[in-house]
Every structure is written in C-alpha cells, then in structure tokens.
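Here's a quick briefing on the salt bridges in this model. Have a look at the structure first, then read on.

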Amino acid sequence: MVVDDQLIEHMMSPKNYGSMENSDVEGIGKNPDNGEKVAVYLKIGKDEDEPYIEDISFQAIGCTTTIVAGSMLTEEAKELNLNGAKNLVNATLNLLTKLPPEEAACSEMVALAIIAAVDTYEKRQNEADYPVITYNVTQSCMPKEEDQ
Amino acid sequence: MKKLMIKLHEAWLEMLMAGFMSNSANKETLIDFSDILFRHFTWIENEIVNKREDYNYNRTPVPIKVTNLHIILKDIIKRLEEIESMLGDDDLGFRIKSDITYFKNNLNSMEDEEVKAFDMQRELPDISLTKEATDALTLFLFEETYKEYELILIYNYLKAHSSDYYMNRIFQILIDESFFHLKRFGDLSAKMGILAVPRVVMKELYQVDDVIQFLKDGIDEEIIAKEECRNLSDAVSKDSSELAQFFDFINNQENYHISLMRDALKHYISQNK
C-alpha cells in the first residue's frame with residue numbers, strides 16, 4: 001500500500017463512516033473466510049422520478065484497507081443514480097482483477113456491499129419485505145499456503 | 001440514560017485525544033480526567049444493565065482537528081455542561097456533577113499549546129526512520145489504535161453482562177492492558193502528526209452470541225497482533241533500537257493476554273457444559 005497524504009487523510013477521517021438512522025436500505029459485503037464484513041446504508045432520493053443515492057454511509061468489521069476503500073468508494077457513489085452506482089461497482093471489480101487477491105478482497109467487500117444495497121432497494125420495489133442482501137467476496141485476503 | 005451514556009463516551013474520547021495532543025504538564029491531567037470519564041460511562045452503563053434495557057455503543061463522530069489546545073478544551077467544557085444538565089440528584093448524579101465541576105475549573109485554567117498532532121509530518125523526535133519503516137509504523141498505529149479501543153469496548157460490554165467473577169477478573173485485566181496500549185499508540189500517533197479518533201465499533205463485535213467462538217477468535221487475533229509487533233520491530237530495528245525494544249515489549253505482553261484468554265475459554269466451557 002502506498003502511504004501518501006491522501007491515504008492518511010482517509011485513515012484519519014474516513015468519509016461517510018457510521019450507521020444511518022433514517023436509511024432506506026442496507027447491503028452487506030462479507031468475507032466468510034475471516035468474518036470481516038461491510039454494511040452500506042443508502043438514503044435514496046428521486047430526481048425526476050429517477051432514484052439516486054442522496055446519502056450513503058458504511059460501517060466495517062475489517063482492516064484499515066477496508067476503511068480506506070469504503071471512504072473512497074462511498075464518496076464516489078454519492079449522488080449517482082442507481083445505474084451509475086452499478087457502473088462504479090463494475091469498474092471497481094474489473095480494476096481489482098489486476099491486484100493480488102489478498103489486496104483486492106477488502107475493496108471487493110466494499111463494492112459488493114454497495115451493489116447489495118442497490119439490489120436490495122430494487123427488489124423492495126416489488127416486495128417490500130425483501131431481506132437485506134449479502135454478497136460474499138470471491139477474493140481472499142487470507143494468504144494461501146504454498147503447495148508442499 | 002442511554003443518551004447520557006453516549007455523551008459520556010464522546011466526552012471520554014475527546015478528553016483522551018486532548019491528552020495525546022498536549023506536550024506539557026496538561027497531558028497527565030487530561031488523561032487522568034479521561035480515565036474518570038470512562039468510569040462514569042461504565043457506571044451509567046451499569047444503571048442501564050440493571051434496568052434490563054438494550055443499548056449499544058453507537059455514537060456520533062468526535063471532531064478533534066484543532067490548531068490550539070484551547071479550542072478543544074472549550075469544546076470539552078461545552079460537552080461537560082451538556083452532561084451536567086442531564087444528571088439527576090441521586091448519589092451517582094452528584095458524584096459525576098462534582099467531578100465535572102472540578103474538570104471545568106482545571107480546563108479553564110490550563111495554559112494554551114500549539115497542537116502538532118495533525119500535521120502529518122510523520123517524524124518522531126530524535127528518531128530518524130526510513131520511508132519503509134515510517135509507512136509500516138503509520139499503518140500499524142492506525143490499525144492497532146482502533147483495535148485497542150475495540151477491545152476495551154468488547155471486554156467492557158462482556159463484563160457488564162457477566163456475573164462470573166473469574167471471567168470478569170480476566171476481562172478487567174484485558175481492559176487495563178488495552179488502555180495502556182491505546183495510550184502509548186495514541187501518544188505515538190500524536191507525535192507523528194496522525195492522531196485520529198478510533199472509528200465507531202459495530203455492535204456485532206461486542207454483542208457476542210457465542211462466547212466460546214469469540215474467545216477462540218480472540219486468541220487467534222492476539223497471535224496475529226504478536227506477529228504484527230514482531231514485523232514492526234524488525235522494520236524499525238535498523239533505525240531505532242528504542243522503538244524496536246518498545247514493540248518487542250508490547251509483543252511480549254500479548255503472550256500473557258493469550259494465556260488469560262485460554263484460561264477464560266477453559267473456565268467458560270467448564271461452567272457451561
């Protein structure tokens with residue numbers, strides 16, 4: 001991880017960290033290997049009937065990398081419409097394929113929590129009680145043991 | 001009562017952070033006051049537990065980025081006055097009010113200081129670290145400062161909900177140990193110019209359903225923390241034997257934590273067969 005002033009700012013004061021009391025929907029990204037998880041909360045606004053992310057926050061059980069990724073990605077997702085948020089998540093997941101799995105897992109968890117929240121919101125347009133969606137990471141931040 | 005507990009939690013953290021920022025005789029006083037505010041927080045928590053009410057440790061962010069100590073002291077006084085207005089006339093309310101009156105008098109008479117705890121210079125007095133060692137120390141301090149705060153809250157919550165004296169003795173030792181680590185890491189963070197309030201802890205972490213699994217995971221985490229300390233000691237040893245010795249000292253303290261947690265696990269299993 002490159003430690004520069006921008007990264008330190010995110011570590012010292014993570015943007016959008018915390019739960020949201022008046023959120024419309026929540027989504028979870030999880031790493032089943034180590035119990036780490038990210039919860040993303042969305043407040044959805046309407047702009048000419050098109051839903052968009054009016055406010056977003058996140059909480060995490062995870063490492064500093066997860067917090068920095070959450071701070072950066074939630075800041076980018078703010079005020080995007082739902083398609084914009086999906087595009088952001090897809091672009092992030094594509095970028096992560098170029099990183100080693102142990103470095104990619106934390107950011108993947110945040111991206112998946114955002115898309116889980118968006119998907120939960122869309123499901124609830126037809127089924128109000130639809131449960132909060134959880135997506136598990138495909139990468140692992142647990143270093144694999146080398147074959148003997 | 002729950003709102004009062006949140007306000008005490010926030011005041012405890014702000015007072016502690018002010019203590020880290022100070023480089024004068026104010027430091028010790030501020031840190032002592034923060035310890036007392038933490039105790040107030042736990043006493044109010046006990047009142048809530050006695051009433052069998054649900055609660056969590058959620059709180060609002062505590063902004064601390066200031067250029068002078070007087071700015072944060074004024075903010076702390078405002079918080080203390082808000083707390084004062086929420087207290088009743090029972091023995092506990094009287095005790096906390098009396099402490100707050102004393103705190104406010106002291107805070108009002110403290111000499112001002114320029115605060116360098118947020119300048120991000122990442123330099124330690126009389127120690128010259130390579131870029132690699134500085135980065136390793138930076139990441140370690142962010143990770144472990146949060147971790148120690150998290151552990152204080154987890155053990156405190158478990159202690160508040162347990163009447164098992166053996167477990168509570170172990171939880172109290174672990175709380176005391178985490179306080180020591182939090183204070184040392186917070187102090188180093190302030191010297192490095194990267195002081196930050198630990199983030200809010202998710203309630204799933206302290207509202208533990210499975211104590212056995214929690215203790216097993218905790219032992220694994222302590223082993224990882226030992227490894228982190230050892231790696232950091234290696235990273236800084238070429239530049240500073242003093243820092244390397246400090247991280248070896250912390251590393252060795254983790255051995256006893258692991259032993260205590262194994263004891264707690266054995267005892268809990270024997271009591272809950």
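Buried here means under 20% relative accessible area, exposed means over 50%, and partly exposed is in between (1.4 Å probe, protein chains only). This is a predicted model, so local features need pLDDT of at least 70 and side-chain atom pairs count only at pLDDT 80 or more, while totals for chains, interfaces and linings use all residues. Residues are numbered from 1 along each chain as its sequence is written, and side-chain values use heavy atoms, with hydrogens and water left out.

**Overall count**
- Searching the whole structure turns up 22 salt bridges over all chains; a salt bridge is a side-chain nitrogen of Lys or Arg within 4 Å of a carboxyl oxygen of Asp or Glu.

**Between chains**
- Glu204(B) and Lys37(A) form a salt bridge, with their closest N and O atoms 2.7 Å apart.
- The pair joins two chains because Glu204(B) lies in helix α7 of chain B and Lys37(A) in strand β2 of chain A. Helices (H or I, at least four residues) and strands (E, at least two) are DSSP runs, numbered from the N terminus.
- Glu204(B) is partly exposed at 39% relative accessibility, whereas Lys37(A) is buried at 14%.

**Within chain B**
- Lys104(B) pairs with Glu81(B) in a salt bridge, the closest N and O atoms being 3.7 Å apart.
- Lys104(B) sits in helix α4 and Glu81(B) in helix α3, so this pair ties together parts that are 23 residues apart in sequence.
- Lys104(B) is buried at 15%, but Glu81(B) is partly exposed at 39%.
- Asp135(B) forms a salt bridge with Arg122(B), closest N and O atoms 2.9 Å apart.
- Asp135(B) is buried at 12%, and Arg122(B) is buried at 13%.

Key: Chains are lettered from A and ligands numbered from 1 in the order in which they are written.
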